[in-house]
Amino acid sequence: MREKRFKTRSVEETLELGGKIAGMLRPPLLVVLRGEVGAGKTTLVKGIAEALGAATEDEVTSPTFTIVHEYVGTAVRLFHLDLYRLETEEQIAVLGLDEMAGYENSLVLVEWGERFESVVKMAGGEIYMEHGEGDERGLILRLKE
Ligand SMILES: Nc1ncnc2c1ncn2[C@@H]1O[C@H](COP(=O)(O)OP(=O)(O)OP(=O)(O)O)[C@@H](O)[C@H]1O
Ligand SMILES: [Mg+2]
């Protein structure tokens, strides 16, 4: 397990950090994004998507209601999921996560994925985000390897 810690002090810094982290994620890979509501998970995905040329920051919106958004980049096929509203493994089973994660160039980023054992099993890593003072956020990136 490789572990790296980061701190950001603004939305801008989190977007930038997303760009840096994008370079550390090697597809095919599924990463669980953990952290409470408003921790900055979706903001980080915006930074990652932009750096990968998969979508602009504005194009990346929270998939809270749609569950999954797909962005096709030059080198990466990015899937952004938010499982907050799902409750059972049966609901996870019909999402087709296997298929999403099955492309050679898949990067699957899953908010609230830690709530489901099947998702945790598929994960090659996790990013934990926590609130600090004001706009500060702490991040821990863990990658299996
Ligand atoms: N350093 C920071 N990094 C990221 N977001 C920040 C930061 N400081 C303040 N914010 C604010 O925190 C919120 C983060 O929202 P975001 O949607 O990214 O969180 P989330 O973890 O995806 O939440 P949810 O679990 O509801 O999906 C935004 O309102 C943003 O403006
Ligand atoms: Mg979110």
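Ala49 touches Ala54, Ala55, Val60, Tyr71 and Leu78, leaving aside residues up to four places away in sequence; here two residues are in contact if their C-beta atoms, placed from the backbone, lie within 7 Å. The model is a predicted one, in which local features need pLDDT of at least 70 and side-chain atom pairs count only at pLDDT 80 or more, while totals for chains, interfaces and linings use all residues. Residues are numbered from 1 along each chain as its sequence is written, and chains are lettered from A and ligands numbered from 1 in the order in which they are written.

Ala49 also belongs to the largest nonpolar core, which has 36 residues and in which Ile48, Ala49, Leu78, Leu109 and Val110 have the most contacts. Two or more residues of this core come from each of α1 (11-22), β2 (29-34), α2 (41-51), β4 (77-82), α4 (97-101), β5 (106-111), β6 (125-131) and β7 (137-143). Such a core is a set of buried Ala, Val, Leu, Ile, Met, Phe, Trp, Tyr and Cys residues joined through C-beta atoms within 7 Å; a residue is buried if 20 or more other C-beta atoms lie within 10 Å of its own, exposed if 12 or fewer, and partly exposed in between, with C-beta atoms placed from the backbone. The helices (H or I, at least four residues) and strands (E, at least two) are DSSP runs, numbered from the N terminus.

The strands form an open sheet of seven, in the order β1-β7-β6-β2-β5-β4-β3 and with mixed pairing, where two strands pair if DSSP finds at least two bridges between them. β1 (2-8) and β3 stand at the edges with a single partner strand each, so one side of each is left without a neighbour in the sheet. From one strand to the next the twist averages 15°; axes are lines fitted to C-alpha atoms, for helices over the stretch in contact, and angles run from 0 to 180 degrees between N-to-C directions. α2 packs on this sheet, touching β2, β3, β4, β5 and β6, and its direction makes about 165° with that of β5, whereas α1 lies across β1 and β7 and runs at about 155° to β1.

Within the sheet, β2 is mostly covered, five of its six residues being buried. It pairs in the parallel sense with β5 over five bridges, Leu29 having Leu107 as its bridge partner, and in the parallel sense with β6 over four bridges, where Val32 is partnered by Glu126 and Arg34 stands opposite Tyr128.

Trp112 touches Asp82, Leu83 and Tyr84, not counting residues up to four places away in sequence.

Ligand 1 has 18 residues around it, of which Thr14, Gly40, Lys41, Thr42 and Asp135 come nearest; a residue is near a molecule or strand if its C-beta atom, placed from the backbone, lies within 6 Å of it. α1 and α2 each supply at least two residues of this shell.
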